[in-house]
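I opened the notebook to look up strands, a helix and ring pairs. The entries follow in the order I made them.

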Amino acid sequence: MAGILPGLWTYIRGKNAQAGEPMKQWWKQILMGCMVLFLVLPVVPSRGQATEVPEELNQLYAQSAVLMDADSGRILFEKNGQEVRAMASTTKIMTLIITLENADLEGLVTISEYAAGMPDVQLNARKGEQYRLEDLLCSLMLESHNDSAAAIAEHVAWELRQERVEEKPLEPDGGQKEPEAQETSAKGQKEPERGEQEKAAAENRSKEESRELIREFASLMNDKARDIGCYNTHFVTPNGLDGEDENGPHSTTAEDLARILRYCIVQSPKREEFLEITRRPSHTFSDKSQSRSFSVQNHNAFLQMMEGALTGKTGFTNQAGYCYVGALQRDGKTYIAALLACGWPNHKSYKWSDMRKLMNYGLEHYTYHPFMEVEPDVDRFAPIPVAGGRGEEIGQPVYTQVKRVKENGGSAGKPAEGAPGAGSQGREQGIEDREGILLREDESIQVECQVEERLDAPVEEGTQVGFIRYLVDGQVYKTELLVAGDTVYGIDFSWCAKQVWELFLLPGA
């Protein structure tokens, strides 16, 4: 385009000069020419998307959409998948996983004035009331209550503050307590002193102090986002209400949102608890005093909409529009779909239409392929000669065996019940066996293997000597390291002297 426009300008200017037409006519013709160019030039597809959009996905309502293979994290389809947008209450999946990983579900949460003042949708909790944390998490995920989100965020941030204080308690003389004394102090505070402390703190907490605690909780959310590779996401609020701070607006991308849900159901140590809470059909609870009772219902219609639906979260604000992120597992395949800006009132059902299209597209066009089906040539893993290595005798060739290990060591852990690769819905195999990727018929796994042909002593067992990479379309999805299986010491004077002694002197002794 950069080279075409100057040429078009020169051509039209010359033609009009020859015809003696006024300057005004030139601009009209240039404008017409640009319009034609924009119409006829091909659209460059975005990263990870096929050149031609699949016919069944041509009419998605969402302004941003992503379909992901939950096992590998591979993006199977995207529409503006990296455009930054508001995400409304889909935020709450991160609020839930941060809480599960950092707090005791039996802990008591005291409602502050700030939390009680959150806008709809609300549990309508009152200042000073106390609730079990697990009950508020059900309120958060089943009914999407904004006041519960704020109360949870304040509670978790306050608890972590207290733990930091207790890490280095001081004796009256300024010295540090012994570890055993520290542990006893911490346990004593938690039950029941800490609950009383928090109640007093929350009841007397100013709105600015509440906001500061929520900023600390948002910092935990942002740290986790970076840890799992979400670099276009910024959290400001725990409930998804539109907000902004010095680092930008509360926002994410469809790709990052799918990646966050993948962490929640596949990678987090609390993935089982996450699924258990988000899949509950209903939950009944009371405040600590038993003076008020509540019954919350799961409003995630996707769970009953499609066979194999695992989990998900809806969202809506005036800025974000309707949003959704959800996961489905069927036929040994697990998909995550994320939708942002999927219509505004009165188009609440658009997101369900898009979810069906995306999930059905994945189920119909992708098949699971284990990485092991394209194993590299085993001859590449023959023992490697080690130059200058000590053998049993002088002149004997020395080798080290080659072992294969996973990058970062070991497996990723056992999948959650009902999560990818687990239970009757998934592939009933261990995580080592189930490692693979979803592919279309026209795709395949490529393998790159590199190993050292020779090593120089000394060589320590576990030293990397090569690697195996499994790729699809040039993107690496699995790496195995090739390491030395033996320690080989180098030849030195003392070893040579010993060999000479044994060879020439010992036989005649």
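I began with strand 10 and strand 11 (residues 333–340), which run antiparallel and are joined by 7 bridges. Strands here are DSSP runs of E with at least two residues, helices are runs of H or I with at least four, and both are numbered from the N terminus. Two strands pair if DSSP finds at least two bridges between them. I noted that Gly326 stands opposite Ala337 in strand 11. The hairpin of strand 10 and strand 11 has 2 residues between the strands, and Asp331 there takes a positive phi near 55°.

Before going on I wrote down the ground rules: this is a predicted model, where local features need pLDDT of at least 70, side-chain atom pairs count only at pLDDT 80 or more, and totals for chains, interfaces and linings use all residues. Residues are numbered from 1 along each chain as its sequence is written, and side-chain values use heavy atoms, with hydrogens and water left out.

Next I looked up the other neighbour. Strand 9 (residues 309–317) pairs with strand 10 in the antiparallel sense over 8 bridges, and a hairpin of 3 residues joins the two. Phe316 has Tyr322 in strand 10 as its bridge partner.

Is strand 10 buried or exposed? Of its 10 residues (321–330), 9 are buried, so the strand is largely enclosed by the rest of the structure. Buried means under 20% relative accessible area, exposed over 50%, and partly exposed in between (1.4 Å probe, protein chains only). For the protein chain, I noted that buried residues make up 50% of the 509 residues.

I then turned to helix 8 (residues 207–227). Its 21 residues reach 30 Å from first C-alpha to last, close to the 30 Å expected at 1.5 Å a residue; the expected span is 1.5 Å times one less than the number of residues. Its buried residues include Leu213, Ile214 and Phe217. Just after helix 8, Gly229 takes a positive phi of about 90°.

Last, I searched the whole structure for aromatic pairs and found 9. The ring centres of Tyr131 and Phe285 are 6.2 Å apart with planes at 80°, so this pair is edge-to-face. Rings of Phe, Tyr and Trp (its six-membered ring) pair if their centres lie within 6.5 Å; planes under 30 degrees apart count as stacked, over 60 as edge-to-face and the rest as tilted. I found both Tyr131 and Phe285 buried.
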